[in-house]
Amino acid sequence: MSFAVFLNHWWNLPFLVMLGLCGVFFVLQAIGILGASADSDADVDHAPDVDADAAWHDPLAFLGVGRVPFMVVWVTLFLFAGFSGIFINRVLFVRAEGDYRGWWLILVSLVALLVGLAGVRIFSRLAARLVDVGGRGATAKHELTGKIGVVASPVLDSRFGEIRVRDDRGDELLLHGCLRDGEAPLARGAKVVLVSYDGDKQLFWAAACPEIEEQERRG
């Protein structure tokens with residue numbers, strides 16, 4: 001029996017779906033469809049900001065969630081579990097001379113899941129060294145409230161603007177923000193303070209910070 005015919009059995013379907021989803025994801029990444037949505041959050045987040053319940057914190061942290069992008073976690077899990085599931089099914093199928101028992105799929109799935117989790121654990125630890133050197137995950141937007149930044153766009157007004165700021169780790173971030181109605185527009189290079197974050201509009205409310213500029217001129 002050819003390998004293609006072997007794959008065409010119902011007990012390979014869960015693992016083929018896993019690998020298929022990974023394949024679709026990589027194709028979309030290659031043609032840039034997912035890249036556009038990822039770029040919209042790249043100004044602030046280096047990795048997903050994971051808000052997990054306390055009960056899930058330790059298991060998620062063990063797998064690297066919060067230290068590396070969740071994409072790394074699920075893709076690695078699906079790849080390792082998918083390939084290992086098909087491999088184990090192939091071994092059982094050959095040894096049983098084609099007499100595959102349906103209940104074997106339960107055991108195969110459990111073993112494949114364990115292999116996938118082990119792969120995620122190993123790969124996320126390696127990837128974390130490149131993605132999140134500090135090891136504390138992404139900076140949550142609300143944590144930036146009160147930070148002093150610099151206007152990066154030609155102008156910052158009540159409609160829109162860009163602000164450059166550094167987080168507690170020293171990483172430079174480019175944020176979207178605006179001033180309150182009635183405040184005078186600010187030119188590029190002006191110092192501002194991040195007053196609050198508007199989650200609905202996905203931007204920061206900023207205010208001029210002339211005291212900082214005055215101190216710098218005196219210093």
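Student: Which backbone nitrogen does the side chain of Ser153 reach?

Tutor: In this predicted model, the side chain of Ser153 reaches the backbone nitrogen of Glu162, at 3.0 Å.

Student: Why is Ser153 called buried?

Tutor: Buried means under 20% relative accessible area. Ser153 has 8% relative accessibility, so it counts as buried. Its place is in the loop between strand S1 (148–151) and strand S2 (155–156). Leaving out residues up to four places away in sequence, Ser153 touches Gly161, Glu162 and Arg188.

Student: How do you know that Arg159 and Asp157 form a salt bridge?

Tutor: The criterion is a side-chain nitrogen of Lys or Arg within 4 Å of a carboxyl oxygen of Asp or Glu. For the side chains of Arg159 and Asp157 the N to O value is 3.6 Å, so the pair qualifies.

Student: Are these two residues buried or exposed?

Tutor: Arg159 has a relative accessible area of 69%, over the 50% limit, and is therefore exposed. Asp157 has 13%, under the 20% limit, and is therefore buried.

Student: How many salt bridges does a search of the whole structure find?

Tutor: The search finds three. Among them is the one in which the side chains of Arg164 and Glu172 meet at 3.4 Å, N to O. Glu172 also forms a salt bridge with Arg166, with the closest N and O atoms 3.8 Å apart. Both values lie within the 4 Å cut-off.

Student: What makes Arg164, Arg166 and Glu172 one network?

Tutor: They are joined by salt bridges that share partners. Glu172 is the residue that pairs with Arg164 and with Arg166.

Student: Why is Trp103 called exposed?

Tutor: The value for Trp103 is 51% relative accessibility, and exposed means over 50%, so Trp103 counts as exposed. Trp103 is placed in the loop between helix H5 (70–95) and helix H6 (104–131). Together with Ile106, Leu107 and Leu110, Trp103 forms a nonpolar patch on the surface, with about 450 Å² of accessible area.

Student: Which residues have the most contacts inside the largest nonpolar core?

Tutor: They are Leu156, Leu175, Leu186, Val192 and Leu194, in a core of 14 residues. At least two residues of this core come from each of strands S3 (162–166), S4 (172–179), S6 (191–198) and S7 (203–208). S4 gives the most, with three residues. Apart from this core lies another, of 13 residues, including Leu19, Ile86, Phe93 and Ala112.

Student: With which residues is Leu156 in contact, leaving aside its neighbours within four places in sequence?

Tutor: Among them are Ile163, Leu179, Leu186, Val192 and Ala206. In soluble globular proteins, nonpolar side chains tend to be buried together.

Notes
Residues are numbered from 1 along each chain as its sequence is written. This is a predicted model: local features need pLDDT of at least 70, side-chain atom pairs count only at pLDDT 80 or more; totals for chains, interfaces and linings use all residues. Side-chain values use heavy atoms; hydrogens and water are left out. A nonpolar core is a set of buried Ala, Val, Leu, Ile, Met, Phe, Trp, Tyr and Cys residues joined through side-chain atoms within 4.5 Å. Buried means under 20% relative accessible area, exposed over 50%, partly exposed in between (1.4 Å probe, protein chains only). Helices (H or I, at least four residues) and strands (E, at least two) are DSSP runs, numbered from the N terminus. Contact means heavy atoms within 4.5 Å. Patches are made of residues with over 30% relative accessible area and no salt bridge: like charges are joined within 9 Å, nonpolar side chains (Val, Leu, Ile, Met, Phe, Trp, Tyr) within 5 Å. Accessible areas come from the Shrake-Rupley method with a 1.4 Å probe; for residues, only the protein chains shown count as cover. A polar contact is a pair of N or O atoms within 3.5 Å; within protein, one must be able to donate a hydrogen and the other to accept it, and residues adjacent in sequence count only if both atoms are side-chain atoms.
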